[in-house]
Amino acid sequence: MLALISTSPSGLEQLWFALIGVLWLGYFFLEGFDFGVGILLPFLGKNDNDRRVIVNTIGPVWDGNEVWLLTAGGATFAAFPQWYATVFSGFYLPLFLILAALIFRGVAFEFRHKREDATWTKWWDRAIFWGSALPALLWGVAFADFVHGVPMAANYSWTGTFFDLVKPYALLGGLSTLALFTLHGSTFLGLKTHGDVRQRARVVGKALAPATFAIVTGFLAWTYLTAHNTHHTGLVPPLLPIAGVIALAGVGWLIRDRLEGWAFLATAIVIVAFFTTLLLNLYPNVLVSSVSPHFDMTIAAAASHPYTLKVMSWVALIFTPFVLLYQTWTYIIFKRRVGHPSPGEISSSVPAQR
Amino acid sequence: MNSLVAGISTLSLARWQFGITTVFHFLFVPLTIGLGLLVAILQTASYRTGDLAYERMTRFFGKLFLVNFAIGVVTGIVQEFQFGMDWSRYSVFVGNIFGAPLAIEGLLAFFMESTFLGIWIFGRGRVSKRVHLASIWLASLGTILSAAFIMAANSWMQHPVGYVIDPTTHQAVMTNFWAVLTNSTFLAAYGHVLFAAFLTGGAFALGVAAYHLRKNHDKVAFGKVARIAIVVTLLSSVGTAFLGDSQAKLLEKQQPMKMAAAEALYNTESGASFSLLTIGDLGDNPIFQIRLPHILSVLATNTWNGKVQGINQLEKKATAEYGAGSYVPLIWLCYWSFRIMVGLGILLVLLGGVGLWLVRKKRLEKSPRFLRFATWMIAAPFIANSFGWIFTEVGRQPWVVYGLLSTSKAVSVISPGYVATSLIGFTAIYTFLAVIEIGLMFRIAKEPPAIETLEESERIPELIY
């Protein structure tokens, strides 16, 4: 405990903990629906045309969404080298699986329509499904592990194996993100498609909502209770997970009442509340040791020196507004529902490349 | 640990992993940068002139650009994350300095290229022609910027500046970000890599256009592309060589051991000759050698009789400074990588020069031998790029950060079984993707573009947004 008190994070370090939290939140909010769309692809896409519509809802944006992960990774490397080093080497196999999945998924979006061959497209669509489902599950496992502790001894040395990372709590965390991202994908598709696909997204969303509610509520309750009983922090304001759970309870109703925009907003709020709860639960640590609290990695211990953090703060302050502006702008450009043009629209429409 | 890989160390597996990932990633990246610029130029020509030939070529090379871009992106994620996975002690040591450019690369460059490429691909007709043109230029600028930050990071490993070593944590701590961004090694290396990327795009476009000219496909459009590509190839091959030469001079000052290894120069010499080719032993007993007198001194020091330091003397100096051990990289690999890179570079200068001469003589389309040669030369920049990196990274050994951190102390403390798993896994994935990608590129590159009128090209879209 003494070690914890003597190394409370500076303002700059707190800022960067918060900024990296925001990058992860942005990643899970945005790529969350990309993953959901990929997972739902085989279930909602009954024919080739439907599947093209589904993939094209995220076509213009998925790559930009994935950059949030690259930036979160890079920022963690720069601001908290020890965190980056320990997590990435410690979670070696899960991370390998995530990377392999993201590779296949990314090229699949580009390759699936490159040949007029049903078998070719079918295999790339499978890659999109698995490449979305696997990371959706594993990110939840990893973040649950951060909170519940990893086998880390003195000097942040890793003492466990792969199987220490897949405990019941972490698995429940993985199921939570898998369910949540899938639901998020269904509300996104409800918002971005017409006709049959939109209708099926609604049906799936309605069916998924209660199960997701049960899993996520169970996980958040478990997280919150541990935060109070086992860990010392209690920094998580109870209102936060409760807001998440309420929003999640509302999703089913909103879908039923065809309030698609609100339903999507609700799943977005759940994701933000979910990961904010986990990250605040970590504070003032970045990684909890399951061996002993003495070996917890604190924000202060993991952080870079103030000079690096200052340089990065200036760069972030100057350039982040531009990124947010033009990324928002793409969503405005592609705000319409994806589908086939109605007769009235043909005259004004122009070629799409695919 | 794992009986299958017993006896193979985490270090050597991690080194293979890094080498394979980096070379694979960098097969695609230069083409992305080079073709991105070329497509932007073609689209600008189309926009300015309204010439449909340029429009066809924009779409034709745009398709190739996108297939290639996808693989560059997904392998880039591995490239960034493998530092933490396989090189965690390195990551802790350099994070303060090395991490910053990586984060900035994401924020400034990757967001830009991915977002505007999304607009470019899906926005045709959705946004105005002017915005559509701007989006390809911004995507291209994004690729060019991304190279800047990763090169700044790599150059710091080659020649650390703007730092101190923290006495308690033993980490390298940044003291001057401006020094990192104006590192002489970085400025030369970035120019070299950027020109090499334009060269890759130029030679690729030239080779593809040459193929279609030979097959009599759309001669007007491919003739225009071939002319642009010849100029790009010539200018950028000369630029690559020029900056490579200034890198050699920096190398003699900053990493003389790499320079000596590149030449297999065992003993310090004044007025050193340049070894063009060696058969047999690179040391004292070669079977056959061609040497150019004084040229090495000129390359390394810019003077006829300049002193170039040899491996034996440098090794003695290094042991005195850093303690006992070997400070010599794999000489044969440095020597041959360097020669392959430079040799192909010279061939590419010739390609551009002869091409320009044929254009001036108005004989380009009537020179089937040159056109065939140009198509074969598509391979040259890819091989040269790969060996350039192999030389740069192998030549720095045993250091990962020159003079500060040795590679053996940089690797993660993890079971070799893990690294072997990911090494086998990634290598299998890369091989699979390479086969698919090359197959697709060949298909798309060989298919003659459909000649359509503007009305036809503005047909009813299948999907709207």
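**Chain folds, helix packing and interface of the predicted complex**

In chain A, residues 24 or more positions apart account for 79% of the contacts with a separation of 6 or more. The model from which this value is computed is a predicted one, and the predictor gives the complex an ipTM of 0.88 and a pTM of 0.91. Chain A contains 14 helices and two strands, and its C-alpha atoms fill a box of roughly 70 × 40 × 35 Å along the principal axes. A compact globule of 354 residues would have a radius of gyration near 20 Å, and the 21 Å of chain A agrees with this. Of the 354 residues of chain A, 56% count as buried.

Chain B has 15 helices and eight strands. For its 465 residues the globule rule gives a radius of gyration of 23 Å, and the value for chain B, 24 Å, is close to it, so the chain is as compact as a globular protein of that length. The C-alpha atoms of chain B occupy a box of roughly 75 × 50 × 45 Å, taken along the principal axes, and 52% of its residues count as buried. Among the contacts in chain B between residues at least 6 apart in sequence, 77% join residues at least 24 apart.

The mean pLDDT of chain B is 90, with 95% of its residues reaching 70 or more. Among the elements of this chain, helix α6(B), residues 184-214, has the highest mean pLDDT (96), whereas helix α15(B), residues 454-457, has the lowest (47). The pLDDT is below 50 over residues 1-5 of chain B, a stretch that has 10 contacts in the model beyond near neighbours in sequence. It also stays under 50 over residues 454-461 of chain B, for which the model has 13 contacts beyond four places in sequence.

Within chain B, the packing of two helices can be described in some detail. The axes of α2(B) and α7(B), the latter spanning residues 219-254, come within 9 Å and cross at roughly 70°; the two helices are therefore roughly perpendicular to each other. The contact is made by A53(B), Y54(B), R56(B) and M57(B) on the side of α2(B), and by V220(B), A221(B), K224(B) and V225(B) on the side of α7(B). By class, this contact has six nonpolar, no polar and two charged residues.

The interface between the chains brings 65 residues of chain B into contact with 66 residues of chain A. On the side of chain B, the elements that give two or more residues are α2 (52-86), α3 (88-122), β2 (172-174) and α14 (416-446), and the largest share, 23 residues, comes from α3(B). This side of chain B has 40 nonpolar, 18 polar and seven charged residues.

Several backbone features remain to be described. Most residues other than glycine have a negative phi, and most peptide bonds are trans. A cis peptide bond, with omega about 0°, joins Y283(A) and P284(A), and P284(A) lies in the loop between α11 (260-282) and β1 (285-287) of chain A. In chain B, the peptide bond from Q397(B) to P398(B) is cis, with omega near 5°; P398(B) is placed in the loop between α13 (379-395) and β7 (399-401). Y156(A), although not a glycine, has a positive phi of about 60° and is located in the loop between α7 (118-148) and α8 (168-192) of chain A. Because 23 C-beta neighbours lie inside 10 Å, Y156(A) counts as buried. N216(B), which is not a glycine, has a positive phi of about 60° and is found in the loop between α6 and α7 of chain B, but with 10 C-beta neighbours inside 10 Å it counts as exposed.

Key. Residues numbered from 1 in each chain as written. Chains lettered and ligands numbered in written order. Predicted model: local features only at pLDDT ≥ 70, side-chain atom pairs only at ≥ 80, totals over all residues. Contact = placed C-beta atoms within 7 Å. Helix = DSSP H or I, 4+ residues; strand = E, 2+ residues; numbered from the N terminus. Nonpolar A, V, L, I, M, F, W, Y, C, P; charged D, E, K, R; others polar. Axes fitted to C-alpha atoms, helices over the stretch in contact; angles between N-to-C directions. Parallel < 35°, antiparallel > 145°, perpendicular 65-115°, else oblique. Rg over C-alpha atoms; globule rule 2.2 N^0.38 Å. Buried ≥ 20, exposed ≤ 12 C-beta atoms within 10 Å, placed from the backbone. pLDDT = per-residue confidence, 0-100.
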